[in-house]
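I open these notes to record what I looked up in this structure. My entries take the chains together, then their contact, then a sheet.

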2 protein chains.
Amino acid sequence: MNNFRFTHFLTSNAHLDRDLTDQILSHCSRKEVRKGTFLLRSGEKIQHSFFVEKGLLKQYAVDKKGKEHILQFAPENWLMADRESEYFDQASSYFIESIEDSEIFYINKDLILQLAKADERFIAFNNFLLHRHIRSLQKRITQLQSAPAEERYLDFIQTYPDLTLRVPQTHIASYLGITPESLSRVRKELADRHRSHS
Amino acid sequence: MNNFRFTHFLTSNAHLDRDLTDQILSHCSRKEVRKGTFLLRSGEKIQHSFFVEKGLLKQYAVDKKGKEHILQFAPENWLMADRESEYFDQASSYFIESIEDSEIFYINKDLILQLAKADERFIAFNNFLLHRHIRSLQKRITQLQSAPAEERYLDFIQTYPDLTLRVPQTHIASYLGITPESLSRVRKELADRHRSHS
């Protein structure tokens, strides 16, 4: 057994045994990618899901004016995919790009689709991942519709504890769906409040 | 075989055979509910998924100020559920309420969870539903982040062709994440443009 985060992810989170874990790993390739590498471009069909062994990915859509809207980040131990493109075999609406030098496991799409039909343990694991994904998407929608900027920012910090230091403020604002100016204001208010309490 | 929309939904969309369809139907109950009935309240664990045989449901969150934010509508032939509450057995963040007198199939949660483990045909069907759900949630997020109000409204019309006449404007504005005033403006502009072209 090797010491990859990915191996640990599969055996601990998914409770997959060694056979299945080895089978999955043998169908994956591990790549080192430089900051600014595109793992998926909008308009392409996704061929892999990605597990972040080291580094950081962002997934985003670009609107007609060329503005970037970040759907999610994936730091170490996160999976990133476009389930829509993967399952429906259709062109993706998203870009996936590394925003740090990264080490990524490329998980073959066909492997996932095949195991998701045939292997009972993988079915259960995949089902868990799909529902967890739905949970996070539902939360995103409700937050975008209703939560005040400060609440969104606090939730961002909770979801991605160390990303406030690794990611430019413009990226965080894009993820939160607010302007960089609003984000500065929120951060300043939180800092002021913190100071007055300490 | 009966003539319910739900039976047709299961046999045609899901390609489930008669045995499995009968099994599912025998675990469901069909209820007539009056307009304004709560099928789920925020804070409860969901016990059923719902198929709309006739009528109309809305699913929404209520923010701290008491404002309603509509996640989705379900007219005839639509399913409505909270996959998060169902799968993780946790309190829902949503209300589900009938906004017309409706005829609803209540699909037992345990039946779904059980079939999703055991029956190959149902696994495939459920997998399809989960991915379709993810597709629609992803689209909602990108739209909320980036699409202009007019584009959101046109997409609403495409998704729910007859709902513009069945649903109050305030509901549509809530779903779109815009003010009722913005919605009026969008509708007026579209009507003006339509007139000038005809």
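**Entry 1: the two copies**

I superposed the copies in this predicted model: chain B can be laid on chain A with an RMSD of 0.0 Å, by a turn of 180 degrees and a shift of 0.0 Å along the axis. The two copies are thus related as by a two-fold rotation axis.

**Entry 2: the contact between the chains**

I then looked up how many residues of chain B are in contact with chain A. I found 27 residues of chain B in contact with 27 residues of chain A. On the side of chain B that touches chain A, β5 (68-74), α3 (83-88) and α5 (120-146) of chain B each supply at least two residues. The largest share of that side, 15 residues, comes from α5(B). Sorted by class, the side holds eleven nonpolar, ten polar and six charged residues.

I also compared the two sides. Of the interface residues of chain B, 100% are also interface residues in chain A, so the copies meet through the same surface.

**Entry 3: a sheet in chain A**

I next noted an open sheet of four strands in chain A, with the order β1-β8-β3-β6 and antiparallel pairing. Its edge strands are β1 (28-33) and β6 (79-80) of chain A, each of which pairs on one side only.

I followed strand β3 (residues 48-54) of chain A to β6(A): two bridges join these strands, which run antiparallel. In β6(A), M80(A) is the residue opposite F50(A).

Lastly, I recorded that helix α4 (residues 109-118) of chain A packs on the sheet, where α4 touches β3 and β8 (102-108) of chain A. The direction of α4 makes about 50 degrees with that of β8(A).

How values were computed
Residues numbered from 1 in each chain as written. Chains lettered and ligands numbered in written order. Predicted model: local features only at pLDDT ≥ 70, side-chain atom pairs only at ≥ 80, totals over all residues. Least-squares fit on C-alpha atoms with pLDDT ≥ 70 in both. Contact = placed C-beta atoms within 7 Å. Nonpolar A, V, L, I, M, F, W, Y, C, P; charged D, E, K, R; others polar. Pairing = 2+ DSSP bridges. Axes fitted to C-alpha atoms, helices over the stretch in contact; angles between N-to-C directions.
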